[in-house]
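Please look over the structure below before reading the notes. They are arranged by topic.

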Amino acid sequence: MRHFPYYLQLAWRSLWRSPGLTMLMVVTIGFGVGACMTTWSVFQAASGDPIPDKSARLFVPQMDIWRSAARSADGEPLDALTYTDAVALMRDHRAVRQSAVYPIAPSVFPDRAGQHPATVGGYAVSGEFFPMVDMPFLYGQGWNAADDAAAAPVVVLGRALNDKVFGGVNSVGRSLDIGGRDYRVVGVVDDWNPQPAFYDVFDTGGYTHEGPALFMPFTRAIAANLANGRTACDLEPSAPGFPGLQQSDCAWITYLAELDTPAQVQAYRVYLDAYAAAQRRAGRFLGPPNNRLRDLPAFLDAERVVPGDTRVSFLVALGLLLVCLINTVGLLLAKFLRRSGEIGVRRALGAARSAIYAQFIIESAMVGLAGGAFGLLLTGLGVLGIGAVLQPRLAALARLDGRLLLATLAVAVLCTVLAGLYPSFRAARVQPAWQLKSD
Amino acid sequence: MDILPILSTLRRHKLTAGLLVMQIALTCAIVCNAVFLIGQRLQRMDMPSGVAEHELLQIQVADVVNSGNPYARVQEDLALLRQVPGVQSVAFSNQVPFGGSSSNGNVLLDPNQPQRTLNATTYFGQNLVPTMGVQLVAGRDLRDEDFVDVDTALKGLKTGDTKSLPHVTLITRGMAERLWPGQNPLGRLIYLTPTVGLRVVGVMASLVRPNAYDAATAQYTMVIPLRMGADRGMSYVIRARPQDRTRVLAAALAALRKADSQRIVTTRRSFDEVRRHFFRDDRAMAGILVGVITALLVVTALGIVGLASFWVAQRRRTIGVRRALGATRANILHYFQTENFLLASIGIALGMVLAYGINLFLMRHYELPRLPAIYFPVGAVALWLIGQLAVLGPALRAAAVPPVVATRSV
């Protein structure tokens, strides 16, 4: 590759000989790459693994209490449990760690003057939830099993709420009025808002704007009558209000279990089937055991949390990129084939075929690099702009990261080099004598 | 115009011509499908709600402390809101059209049937029909004596005392047509559970579900005479003249706050906002698709310009010779236009097949309906037009080549 600088120079000159055509190719590639990478960044963010280190060990048990599977086309049981079942699973405690999870929206009465009471979105979980999801603690820690058992009035605050109520200081040990009762702050967690929101797909549908503002023990939330979010019922509860819901066969609680080895997973499956069979005998479950125990990636896939729209817009943008590439191949081909005279001269003067390849591939790579740079600019604008106009629910997820930038450039260069390969191949096969003669 | 010479020229540029045809075919296929997708989104966003959307406001409150009688609380609030200047009517509802979160129930025609006939959404609350501006096409509205307190009804459900349950309901025309096609629904019975039968006393022209994700079931709606207490998730629905709404909303919030300073308002918005919020993803998707279609057409047009310019430059001499031999400028112009028309036509023909294929793929994987035939000519005309517009510049330049070029060497 000792001729590399020379080829660069040749390519540079050749590109400037027809600036219009060069610009056209660069803009085309830029368009295609920009559109593709923008939609890809959204798609990637939406379909990403929310907790990559742990997702293969976190499982979501599902049970079919009212034979809902028999009525739906795909035979899938519900993605939430009833209170009775969630409490039974917690009590049996068969997983390494486990937590029943449901969303709460308690009112918080800040002590500081000038602040108004506000409803905040939080979650009722068990103490094991925090180590299970690798919660990043700023101060303090989660509560223990004794607090769970005693339905203790303790709370873990999210960073945003701690900033608002306590001015961001270490508030562990302080107390906070929630729904008219004092709770002791035991921990403060850093901003935590994994997407998809794997801990509660049932309520969120998969994506959330903000992470939970606070967490409190599941048992405490039940005792404090903190009602839930979504409820799925086959029959209306036979008693009114939140207590009625707890006695009913309505499903409203998400459940997460950590199982570290295949043996544990197998044991848990057996346990779930035995539980469902026992409930069937007791007359609670309407059908034979129809359980699922999927790890997080499989669960999110089965729940179809990634919206079809995201996939379709990525496919459409991919189509655009393809058209742009075909366009560029056509233009490069036209440009290169026109230069058979030049190639003939170079070949007659002793240039090897590989030298011609090298020259032309460098030239197309330069087009690709320029197009990629332009596409980079468009991707940047696209990712910034997508929040303003497009898919607001997911737009917040789209991030410009270094890897995306590199990928943008690589895709552009790779595509144009591929686009330039055939023209180079054609150009390098030109017979020197024939070319010289014809002119 | 004789197309044979054009064909023989194209045969010598098989690859470049082929690439252009491929590009046109792909563009045509994607544009057909994308326009179809956009049309679907626009149609969805136009879904009728059956309520007077431009006159309605929604206020949702979270009760801070469960103090006093929740039923009395609602009556106090309603009285308070009615006194706000500009308020025409107020209702208390468990859910609102396009609100997203909904209460739904299974509907049976026979109390003993094992499978539900359909799943319908259930609106509870007083004064809903007049406030929301729902039109009754048959029967009557719910009356005060039809209403039962929710807690009484639930107790009745438990004890089997059917007297304390509601006995009547309103349903939409769409739901009536699904349950009893072509028959008069008034006076007929539907069952929510084997023991809860409701007699249809009124038919509404339209009232959309809060969770209208599927157009086919969007109108499966009933209104049940249940009186509710103040609780989370319930909404006050206020009707006011469109131009008064901003002022009325502010005054209504102030009135509610004045009655209870600890009260937290979780949602306050006009129904225009409710609709906008509900369809935000559809709007975004339509936006993305419009953007991509525009980019596609621009890229294809630029590609045609580029390739045509290149061909014109390459054939300068040939053009000069033809001109010297007596071809007019118009002949040259038409030559390039016809050439483009031919390439576009081949591309469009391939594009149609491809469009159909893409549609089949989308139907299988994304549950989209079949592409109506009307979209094929739309795509074809768009690409013919774009092709002709794009080739015009280079063709005019070709036509301007003087005959004297023929006498120059290279």
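The model is predicted.

**Contact between chains A and B**

- Chain A and chain B each have residues in the contact: 43 residues come from chain B and 43 residues from chain A.
- On the side of chain B that touches chain A, the elements giving two or more residues are α2 (14–45), α5 (150–159), β13 (264–270) and α9 (280–314) of chain B.
- Of these elements, α9(B) gives the most to that side, with 18 residues.
- By residue type, the side of chain B that touches chain A has 26 nonpolar, 12 polar and 5 charged residues.

**Residue F36(B)**

- F36(B) is part of helix α2 of chain B.
- F36(B) counts as buried because 24 other C-beta atoms lie within 10 Å, and the cut-off for buried is 20 or more.
- When neighbours within four places in sequence are left aside, F36(B) is in contact with L371(B) and Y375(B).
- F36(B) and F376(B) are 340 residues apart along the chain, yet their C-alpha atoms are separated by 10.0 Å.

How values were computed: Residues numbered from 1 in each chain as written. Chains lettered and ligands numbered in written order. Predicted model: local features only at pLDDT ≥ 70, side-chain atom pairs only at ≥ 80, totals over all residues. Contact = placed C-beta atoms within 7 Å. Helix = DSSP H or I, 4+ residues; strand = E, 2+ residues; numbered from the N terminus. Nonpolar A, V, L, I, M, F, W, Y, C, P; charged D, E, K, R; others polar. Buried ≥ 20, exposed ≤ 12 C-beta atoms within 10 Å, placed from the backbone.
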